[in-house]
Amino acid sequence: MADTDTDLDFMSRALDLAARGQGTAEPNPLVGCVVTRNGQVVGEGWHEHYGQAHAEINALRAAGAEAAGGTLYVTLEPCCHHGQTPPCTQAVQAAGITRVVIAQSDPFPQVNRQGIAELKAAGITVEVGLLAAQARHLNAPYIKRLTTGEPWIHAKWAMSLDGKIATRTGHSQWISGPASRQRVHQLRGRMDAIVVGRQTAITDDPLLTARPAGPRIATRVVLDSRACLPLESQLVQTARETPLLVATGPAADSERVKQLTSAGCEVLQLADPNPIQRLQQLWQILGQRDMTHVLVEGGAQVLGSLVDSQSIDELHLFLAPRLVGGTDAISAVAGTGSAHVDAGIPLHDLSCEPLGEDYYLHGRTASRDRYDHIAGADSFAAQPDDHTAGQH
C-alpha cells in the first residue's frame, strides 16, 4: 500500500510547482510533476509556457536515467494525444516509471481518463485522486473554460470603509494606496482581458495596462453600447500598441464604429438589446479566443450586472481605511441586487491581507468543488495487483 504521508508531501510539492505556471501556461492547465526513486526526489518540473514542454517532460528530463523504476507524481492526468507537444504517456513509459500518482483526471475530451487507461495497459500502477480537491481548485479556471466555453471572471474594485468607489462629485483617485495599486498591476499582468464600462473609461481615462509589464498582455475591453468612447482617450490613442476591443450593442452609431475601427480598435457589435445577455455573449466570444482569465474593473453598473447574473468567479477587493459618506456618492456595486440578505452571493476561501494602509480581500464566489460534477471526483486508491481495473 502507499505511504500516504510521503505521497502527500510529494503531491503537495507538485501542486506548488504547478502554481508557478500562472500567467504563462494558459490556456493550458497548470500542472506540476515530481519524480521520485526509493523515496527521494530525482526530478521535478512544471508546465512553464504554453506550447512548450509539459510538466512530466521537464521532470523526467531532470531525473534522467534515475527515473527508471521510480514513481511519478503529477497534478493532472498525463496527455495521451499529439497537440503542441508529443504525448506525455509515451514519455512516462519510455522513462521506465513503474508507478504514477495523479491528483485529478483531465476533462479535456482527447484525454479524459484515456491517459490513465493507457498507462495501466502498459503495466504501470496508477493511483488517482490524491489532493484532488486542491488540484481542481488550482485549475478551476481551465475547467470552467473547457466545460462552459467561458473564461474565469475576476471582479476587482477599491472602496472606502463605507462602500464608496467615488465621492458625490465623482472623484475617485486615489481611494487605495500605492501598495494596492501595485498589486492591481501584478494582477493585470496575468490576465487575458481587462474589462471596464464606458463611463469608467471616460471618467478615469485609464490605460488598463500592467506597469511594469507582466507575463501576459491583456486585451482591453470597453463595454460601450453606443460606441461613444472618445477618440482622444488614452485607450483609443494606444489601440495600435495594446489591443483594444470595444463591445457595442445594436444601437451603436455606424459612423462612430468606423472611426473607432480606423483608430485601430476592434469593434465587436453584439446584437442582443439586453446588457446582461450581451455580457454572456462576450464571455463566450472571449472563451472561443482561448482566454482563460478576465478581470472586470468596473464601474458600478458593470459590477452590478456581474452580481445580478452571478458571473463573478473570483473577487479582489481593496479596502481603504477612510470614510467618504454622501447619499450621492457612488457605491461599488449597482444593478438590481438581492431582495433578501440571505440571497446574496457568499464568498469562500476568503483571505484578508494588509497592503500598506489598505486591506486586500480575496476570495471565490463558490466552494472549491463547484465543478466537481464536470471534472469528476477522483478517489485515491492503490491497485498494485490490477493495473487495468477502472477506478471511476
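Me: How many salt bridges are there here, and what makes a contact one of them?
Reply: The count comes to 13 salt bridges. The term means a side-chain nitrogen of Lys or Arg within 4 Å of a carboxyl oxygen of Asp or Glu. This is a predicted model, where local features need pLDDT of at least 70, side-chain atom pairs count only at pLDDT 80 or more, and totals for chains, interfaces and linings use all residues. Residues are numbered from 1 along each chain as its sequence is written, and side-chain values use heavy atoms, leaving out hydrogens and water.

Me: What makes D7 and R99 a salt bridge?
Reply: Their N and O atoms are 2.9 Å apart, and the limit is 4 Å, so the pair qualifies. D7 sits in helix α1 (residues 4–19) and R99 in strand β4 (residues 99–102), 92 residues apart. Helices (H or I, at least four residues) and strands (E, at least two) are DSSP runs, numbered from the N terminus. D7 and R99 also belong to a salt-bridge network with E127.

Me: Why is E44 called partly exposed?
Reply: Buried means under 20% relative accessible area, exposed over 50%, and partly exposed in between (1.4 Å probe, protein chains only). E44 has 30% relative accessibility, so it counts as partly exposed. Its salt-bridge partner R13, with N to O at 2.6 Å, is at 29% and therefore counts as partly exposed too.

Me: How do you know that the length of helix α11 agrees with its number of residues?
Reply: The expected span is 1.5 Å times one less than the number of residues. Helix α11 (residues 275–288) has 14 residues, so it should span 20 Å, and its end C-alpha atoms are 20 Å apart, which agrees.
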